[in-house]
Amino acid sequence: MSDFVFYFGLGWHHIISADALDHQLFILALASVYIFGDIKKVLILVTAFTIGHSLTLALSVLDVIRFSSKWVEFLIPCTIFITAINNLIQIDKKGASARINYYLALGFGLIHGMGFANAIRIMLAKDQSIGMGLFGFNVGLEAGQIFVVAIILALAYVFLNFFKIARRDWIFFLSSGVFALAVKMAVERLPF
């Protein structure tokens, strides 16, 4: 049980910490098109991201795949600005961006999973219980993502209902801001 708790904490910290801005921005880009009434859709979205993240993390820990960390660190902000661009392109197409986001979450989760793989690979290789470690990490990751999404949806509720911001403007504001930050990150992380 102590292995589970340790890796749960790593997964939680992987999303919640101040060093996790890239993952938080990705979740913000994905969740910006949703409101509280879409909670089931958002939970499916977060789970799709965790599945993609978990798959490459497991394959990397088992040494089935390996990628250059420079390229992975560059591709992570690219996934963020692509998601933000998708939101902006789909802004007036009711529900279209939300459906595409499922595929983006799953596919881009594969890339994000490689971002933490090198560090956790070393820890899990020393452990006897790789399965429990991966499970604990992924449960912590999922819990952290749900926490971040809850904050985003609560802010959306406040801005859309109390400040009467139009939903289109909310999506535009968030997606534009995320896009700008992600492009800056990508330029800073150019792998060549």
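Good morning. A residue is called buried when its relative accessible area is under 20%. By that cut-off Tyr-7, with a relative accessible area of 1%, is buried. Please keep in mind throughout that this is a predicted model.

I shall begin with the aromatic residues. How many aromatic pairs does a search of the whole structure find? The search finds 13. A pair of aromatic rings is described by the distance of the centres and the angle of the planes. For Phe-4 and Phe-8, the ring centres are 6.1 Å apart and the planes stand at 35°, so this pair is tilted. Both residues belong to helix H1, which covers residues 2-16, and they are four residues apart, about one turn of the helix. Phe-4 counts as buried, at 17% relative accessibility, while Phe-8 has a relative accessible area of 27% and is partly exposed.

Tyr-7 returns at this point, as the partner of Phe-6 in an edge-to-face pair, with 4.9 Å from centre to centre and 80° between the planes. Phe-6 is partly exposed at 43% relative accessibility, whereas Tyr-7 is buried. To complete this part, Phe-4 and Phe-8 form one aromatic cluster together with Phe-135.

I now turn to the charged side chains. The count of salt bridges comes to six. In one of them, the side chains of Asp-22 and Arg-189 meet at 3.4 Å, N to O. This pair links distant parts of the chain: Asp-22 is in helix H2 (residues 21-31), and Arg-189 is in the segment after helix H8 (167-188), 167 residues apart. Asp-22 is buried, with a relative accessible area of 7%, and Arg-189 counts as partly exposed at 24% relative accessibility.

Which other residue meets Arg-189 in a salt bridge? That residue is Glu-73, at 3.4 Å, N to O. Glu-73 lies in helix H4 (residues 69-89) and Arg-189 in the segment after H8, so the pair ties together parts 116 residues apart in sequence. Glu-73 is partly exposed, at 27% relative accessibility.

A further salt bridge joins the side chains of Asp-92 and Arg-168, at 2.8 Å, N to O. Here Asp-92 sits in the loop between H4 and helix H5 (96-115), and Arg-168 in helix H8, 76 residues apart. Asp-92 is exposed, at 58% relative accessibility, and Arg-168 is partly exposed, with a relative accessible area of 41%.

Finally, salt bridges with shared partners join Asp-22, Glu-73 and Arg-189 into one network. Thank you for your attention.

Technical notes. Residues are numbered from 1 along each chain as its sequence is written. This is a predicted model: local features need pLDDT of at least 70, side-chain atom pairs count only at pLDDT 80 or more; totals for chains, interfaces and linings use all residues. Side-chain values use heavy atoms; hydrogens and water are left out. Rings of Phe, Tyr and Trp (its six-membered ring) pair if their centres lie within 6.5 Å; planes under 30 degrees apart count as stacked, over 60 as edge-to-face and the rest as tilted. Helices (H or I, at least four residues) and strands (E, at least two) are DSSP runs, numbered from the N terminus. Buried means under 20% relative accessible area, exposed over 50%, partly exposed in between (1.4 Å probe, protein chains only). A salt bridge is a side-chain nitrogen of Lys or Arg within 4 Å of a carboxyl oxygen of Asp or Glu.
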